[in-house]
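Q: Hey, can we go through this one together? I'd like to ask things as they come up.

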Amino acid sequence: MKRIYLDHNATTPVHPEVADQVCRCLREDFGNAGTLYSYGREAKKLVDDAREKVATLIGARKEEILFTSGGTESDNMAVRGVAYGNINKGRHILTSTIEHHAVLETCKALEKEGFEVAYLPVDEYGTIKVDELKNAIRSDTTLISIMHANNETGSIQPVSEIGRIAKEKGVTFHTDTVQTFGKIVINVDEMNIDLLSISAHKLHGPKGVGALYVRKGVKMKPVMFGGHQERKMRPGTHNVPGIAGLGKAVEIAASDMEEEGEKLLRVRERLWEGIKKNIPHIRLNGHPTVRLSNTLNISFEFVEGESLILSLDDHGICVASGSACTSDSLEPSHVLLAMGCVPEVAHGSLRFSFGRGNTEEEIDFVIQALPKVVGRMRSMSPLYREFLKKQKESA
Amino acid sequence: MYSEKVMDHFRNPRNMGEMENPDGVGKVGNPVCGDMMELYIKVENDVITDVKFMTFGCGAAIATSSMVTELVKGKTLDEALKISNATVAEALDGLPPVKMHCSVLAEDALKGAIEDYRKRKVESKV
């Protein structure tokens, strides 16, 4: 059976050129980048080249890029590092209710250590209200951490405005760009970003590698200790194959970012139009326009997301859901709930996220399969039966 | 993560659908929690002669509903009441720990339907 992968916000297939780069490193460039002889110098060059590519894509200087094990580590390091590094000024942190758990759980851990965290609400489209953020800043606020685009809905946050306010108020600003890096234009100077988290595997790169941009002069404390690597902020022998793979993935993304974004938007709109035409009782979760071009989150009323995922998988289609039943916590998506989505509608959500390689033919196959799948689950649903009865009565 | 049997019952649910004039109905769960099950039974001489279900929920919720209907068909009410959530889970070759509550829902729906039948019977005598 042909498989159709539409879960690129979870992870992406590794680009063949990236895989070649990683394999070459594993076979040939085994040196420790911290050593002086030829093997070490060659490894260091690979790390430096990747650093340059990452820095260039966000308008940063290469000494401001720290390599990490991925988005979660970058978020932990940024939030905790800045919180600890600015205790003299205060212990107040501003974030939002829709952040990734890597930020939210770090904030919760900090609360237990005596830090105070304000979790800003979002509107019905899952977008932060800038005025509320502005009003929430206090004299003892040391960090604002707001993601660039949400992983579940794709809603893009007003990061430039937040950056401007943070700068005016003298508060350090961190943004998780795991879903946007390499997809939309980012410039840390123009957007007044002080720290920024990156992950390679969302960008057709390898898993287990990412980066944290830290603006020169930002006060932060290390959260890991050991060697001198990465300005002592992230000690440990460099993951040279992973870092070189990230570099290659960045190079590919940078080469056709705009073109790729437009292509993904066409694919996304084709699916949305097809679903709207063929399936009643649905709703779009996320901002209608200010949204990542690769993300489409839809609630299908009267059915539950996990059962949709399983049925679609039988057709070879791979997607995600915000349903409680797909998480170990049995809680529905915190993002959809924060947007005011009622739990039963959150349970029925599916997230389609597109990437390099998705075709219009694939989308047409999904448009064919999805009404059957939703229809089958609705035929079993007592909620749908009740709805139909009520509809009949009122007619 | 699901056994083949769970997937079989999810793909081809047994006894799914609404029932005309059931003798007993069990309704459990809540759409807010993401699981809602309805079980309908026909009873003759204390024997469950027909059973149907409708479920809003995950794969495990649908499979446990389907399995419980298979297990009770043709059983006396007392025999049916001995079916526990563990019986349902075992018959499906096990469930992931986080999904065990679905088998509890299936047991509760069955008990609810039998209780409803017995209550109706008492009321009809009065």
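Q: How many salt bridges are there between chain B and chain A?
A: The count there is five salt bridges. A salt bridge here is a side-chain nitrogen of Lys or Arg within 4 Å of a carboxyl oxygen of Asp or Glu. One thing before we go on: this is a predicted model, where local features need pLDDT of at least 70, side-chain atom pairs count only at pLDDT 80 or more, and totals for chains, interfaces and linings use all residues. Residues are numbered from 1 along each chain as its sequence is written, chains are lettered from A and ligands numbered from 1 in the order in which they are written, and side-chain values use heavy atoms, with hydrogens and water left out.

Q: Ok, which side chains meet in a salt bridge of 2.7 Å?
A: Those of A:Asp314 and B:Arg11, with the 2.7 Å taken from N to O.

Q: Which elements of chain B give two or more residues to the side that touches chain A?
A: Helix 1 (4-11), strand 2 (35-44), strand 3 (47-56) and helix 2 (59-72) of chain B. The largest share, four residues, comes from strand 2. Helices (H or I, at least four residues) and strands (E, at least two) are DSSP runs, numbered from the N terminus.

Q: What does that side look like by class?
A: The side of chain B that touches chain A has 17 nonpolar, five polar and five charged residues. Ala, Val, Leu, Ile, Met, Phe, Trp, Tyr, Cys and Pro count as nonpolar, Asp, Glu, Lys and Arg as charged, and the others, Gly among them, as polar.

Q: How much area do chain B and chain A bury between them?
A: About 2,100 Å², with 64% of it on carbon and sulfur atoms. B:Phe10, B:Met54 and B:Phe56 supply 26% of the area that chain B buries against chain A, more than any other three residues. Buried area is the accessible area (1.4 Å probe) that two parts lose on being put together, summed over both. As for contacts (heavy atoms within 4.5 Å), 27 residues of chain B touch 23 residues of chain A.

Q: Switching topic: what are the domains of chain A?
A: Domain 1 is 16-255 and domain 2 is 257-394; the bounds come from an automatic or database domain assignment. Their centres, taken over C-alpha atoms, are 30 Å apart.

Q: How many residues are in contact there?
A: 30 residues of domain 1 of chain A are in contact with 20 residues of domain 2 of chain A. On the domain 1 side, A:Tyr125, A:Glu152 and A:Thr153 lose the most area to domain 2, together 30% of what that side buries.

Q: How many salt bridges does the rule find across that interface?
A: Zero salt bridges between domain 1 and domain 2 of chain A, but ten residue pairs in polar contact. Helix 7 of chain A gives the most to the domain 1 side, with four residues.

Q: Let's look at single residues. Is A:Thr11 buried or exposed?
A: A:Thr11 is buried, at 18% relative accessible area. Buried means under 20%, exposed over 50%, and partly exposed in between (1.4 Å probe, protein chains only).

Q: Where does A:Thr11 lie, and what does its side chain touch?
A: A:Thr11 is in the loop between strand 1 (4-5) and helix 1 (16-28) of chain A. Its side chain makes a polar contact of 2.6 Å with the side chain of A:His201, and another of 3.1 Å with that of A:Lys207.

Q: What's the phi of A:Phe302?
A: Near 75°, a positive value in a residue other than glycine. Most residues other than glycine have a negative phi. A:Phe302 sits in the loop between strand 10 (295-300) and helix 9 (305-314) of chain A, and counts as buried at 13% relative accessibility.

Q: And what about the phi of B:Asp93?
A: B:Asp93 has a positive phi of about 60° although it is not a glycine. B:Asp93 is exposed, with a relative accessible area of 55%, and lies in the loop between helix 4 (85-91) and helix 5 (100-125) of chain B.

Terms used. A polar contact is a pair of N or O atoms within 3.5 Å; within protein, one must be able to donate a hydrogen and the other to accept it, and residues adjacent in sequence count only if both atoms are side-chain atoms.
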